Amino acid sequence: MAILIIYLAILGGTYYSIAKSSFSYIPSYYLSGVHRYTSLLAVGIGVLLFLLTSFSDPGTVKAENVSQYFSAYPYNNVIYSEKECSTCKIPKPARSKHCSICDRCVVCFDHHCGWMWLLATYNTQILLMVFLAIVSLLLAGFFSYHAKLCLTNTTTNETFKWQEYISWQGKINEAKASAAALKASINGMSTEGKPQKANGEPSFENPQWKIGEAPVRDTM
Ligand SMILES: [Zn+2]
Ligand SMILES: [Zn+2]
């Protein structure tokens with residue numbers, strides 16, 4: 001039980017210090033405000049799965065349900081033959097074992113997990129698998145992102161700069177396209193007898209419309 005409290009203290013303390021140091025940067029240019037809540041949700045789901053896994057009934061064999069377990073796990077007389085638990089004073093179905101840490105007989109005993117404070121059995125295996133799958137997926141995502149950075153010899157900083165550059169290019173292209181469309185419509189208007197300059201160019205040119213120059217930012 002002590003290890004459970006230690007884990008929760010480590011988790012809570014770590015999340016608190018991360019939230020305290022990082023939340024001042026959220027929302028920011030790169031991260032929207034929703035990340036405050038998704039981080040809490042991710043940690044919350046992790047804690048919930050951890051607690052569910054830790055406190056689920058692993059399948060305790062009692063006098064009331066022992067016959068039910070006997071039909072599911074009959075003796076094979078090879079490694080499991082008729083036996084009685086000397087502590088619980090009930091017959092032991094095949095594959096069951098008395099856990100000395102929990103002081104109970106457990107069906108399909110795998111091992112007593114010191115990390116999760118649980119008895120790994122068929123009952124808890126599915127929760128343990130979900131917990132491990134989520135942790136593995138998170139780590140796999142983290143791994144592939146950094147593997148990509150290594151393989152392309154790029155830093156995280158450069159990834160952001162590159163995205164910024166692409167977005168500027170997109171904006172410049174958009175501006176060029178709209179300028180071309182504007183020019184075309186002006187030319188169309190001028191042929192309809194609108195006021196023109198001596199050289200035939202449209203008269204309403206604005207010197208501020210200098211397309212193609214991205215504003216210079218100190219972050220670039
Ligand atoms: Zn146990
Ligand atoms: Zn027992």
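This is a predicted model: local features need pLDDT of at least 70, side-chain atom pairs count only at pLDDT 80 or more; totals for chains, interfaces and linings use all residues.
Local features need pLDDT of at least 70, side-chain atom pairs count only at pLDDT 80 or more, and totals for chains, interfaces and linings use all residues; side-chain values use heavy atoms, with hydrogens and water left out, residues are numbered from 1 along each chain as its sequence is written, and chains are lettered from A and ligands numbered from 1 in the order in which they are written.

With a relative accessible area of 11%, Thr-60 is buried, a class defined as under 20% relative accessible area, against over 50% for exposed and the range in between for partly exposed (1.4 Å probe, protein chains only). The side chain of Thr-60 makes polar contacts with the side chain of Asp-57 at 3.0 Å and with that of Arg-104 at 3.3 Å; a polar contact is a pair of N or O atoms within 3.5 Å, of which, within protein, one must be able to donate a hydrogen and the other to accept it, and residues adjacent in sequence count only if both atoms are side-chain atoms. When residues up to four places away in sequence are not counted, Thr-60 touches Asn-65, Tyr-69, Arg-104 and Cys-105, contact meaning heavy atoms within 4.5 Å.

The zinc ion (ligand 1) is coordinated by Cys-99 (SG), Cys-102 (SG) and His-112 (ND1) at 1.9 to 2.2 Å. Donors are N, O and S atoms within 2.8 Å of the metal (3.2 Å for Na, K and Ca), and the site may look incomplete because water is not among the atoms. Along the chain, the donors follow the spacing C-x2-C-x9-H. Cys-102, in the loop between strand 1 (97–99) and strand 2 (104–106), and His-112, in strand 3 (residues 111–113), are 10 residues apart; Cys-102 is partly exposed at 25% relative accessible area, whereas His-112 is buried at 15%.

An unreviewed UniProt entry lists residues 35–55 and 126–145 as "transmembrane region", and such annotations may be inferred rather than shown by experiment. Residues 35–55 are 100% helix and 0% strand, with end C-alpha atoms 30 Å apart, and residues 126–145 are likewise 100% helix and 0% strand, with a corresponding separation of 28 Å.

Conventions:
Helices (H or I, at least four residues) and strands (E, at least two) are DSSP runs, numbered from the N terminus.
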